[in-house]
Amino acid sequence: MAELNQDSGKQGKGGKVRSKKNGGKVDLTAMVDLAFLLITFFMLTTSLNKPQAMDVAMPDKNKIKEEQNDDLLTADNRSLTVLLGSDNKVSWIYGQVAKPIEGPTVAGYGADGIRKVLMEKKAYVPRVSGGKDMIVIIRPSEKCTQRNLVDILDEMKIVDVKRYMIGKISPEEVEVLKRDNIYND
């Protein structure tokens with residue numbers, strides 16, 4: 001049992017000797033129990049910060065049907081390719097890289113850059129493709145930074161693009177970046 005003993009007082013000086021009074025005892029067992037109950041209560045009722053992570057859906061390798069794959073490959077009027085270059089710049093191409101419908105055009109990040117393009121194309125694509133939504137293909141180059149990739153994923157979330165993918169950049173796309181002078185060696 002936990003106890004708290006108190007000093008009974010001072011010893012007197014002079015000729016008188018005072019009798020020693022026993023101090024009161026305080027039982028601390030209930031106090032310890034109360035402390036553990038409070039700690040448990042606050043641990044269970046406190047909400048912790050949730051991580052600020054973005055969900056990325058990965059496709060199953062064996063479950064893609066051939067007709068869906070062909071539909072995605074032939075959807076030139078639905079696809080927008082975003083090439084991430086150096087110096088915080090992107091080059092975007094509407095359609096295929098070999099036969100672009102529009103572009104390549106250089107843009108920056110932010111409201112006046114790639115976000116504006118994404119919002120325009122998101123509104124334009126359903127009108128020309130029969131109501132189907134836009135597909136954005138993100139191709140980071142070796143010269144872009146990790147921050148650039150995070151920034152473009154943030155832009156996808158801000159604009160609310162439902163279909164996008166991150167793929168490996170091809171040599172033809174690197175040539176596009178070099179022509180646009182955003183692939184500095």
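The following dialogue examines a predicted model through questions and answers.

Student: Why does the pair of F41 and F42 count as edge-to-face?
Tutor: Rings of Phe, Tyr and Trp (its six-membered ring) pair if their centres lie within 6.5 Å; planes under 30 degrees apart are stacked, over 60 edge-to-face and the rest tilted. A search of the whole structure finds 2 aromatic pairs. In F41 and F42, the ring centres are 5.2 Å apart, and the pair is edge-to-face because the planes stand at 70 degrees.

Student: Which parts of the chain does the pair of Y94 and Y124 tie together?
Tutor: The rings of Y94 and Y124 have centres 6.1 Å apart and planes at 70 degrees, so this pair is edge-to-face. Y94 lies in strand 4 (residues 90-95) and Y124 in helix 3 (residues 114-128), so the pair ties together parts 30 residues apart in sequence: strand 4 and helix 3.

Student: Is Y94 buried or exposed?
Tutor: Buried means under 20% relative accessible area, exposed over 50%, and partly exposed in between (1.4 Å probe, protein chains only). Y124 is partly exposed at 33%. The relative accessible area of Y94 is 2%, so Y94 is buried.

Student: Which residue has its charged end over the ring of Y94?
Tutor: A charge sits over a ring if NZ of Lys or CZ of Arg is within 6 Å of the ring centre and within 35 degrees of the ring normal. At 4.6 Å from the centre of the Y94 ring, the charged end belongs to K121.

Student: Where is S129 found, and which residues is S129 in contact with, leaving aside its neighbours within four places in sequence?
Tutor: S129 is found in the loop between helix 3 and strand 6 (135-140), and it is buried, with a relative accessible area of 14%. Contact means heavy atoms within 4.5 Å. Leaving aside neighbours within four places in sequence, S129 is in contact with N77 and R78.

Student: What do the buried residues of helix 4 pack against?
Tutor: Helix 4 (residues 146-159) has 14 residues, and its buried residues include I152, L153 and M156. An α-helix has 3.6 residues a turn, so residues three or four places apart point the same way. The buried residues of helix 4 pack against strand 3 (79-84), helix 3, strand 6 and strand 7 (163-166).

Student: How far apart in space are D160 and M119, C-alpha to C-alpha?
Tutor: D160 follows helix 4 and has a positive phi, near 65 degrees. The place of D160 is in the loop between helix 4 and strand 7. D160 and M119 are 41 residues apart in sequence, and their C-alpha to C-alpha distance is 9.0 Å.

Terms used:
Residues numbered from 1 in each chain as written. Predicted model: local features only at pLDDT ≥ 70, side-chain atom pairs only at ≥ 80, totals over all residues. Heavy atoms only, no water. Helix = DSSP H or I, 4+ residues; strand = E, 2+ residues; numbered from the N terminus. Expected span 1.5 Å × (residues − 1).
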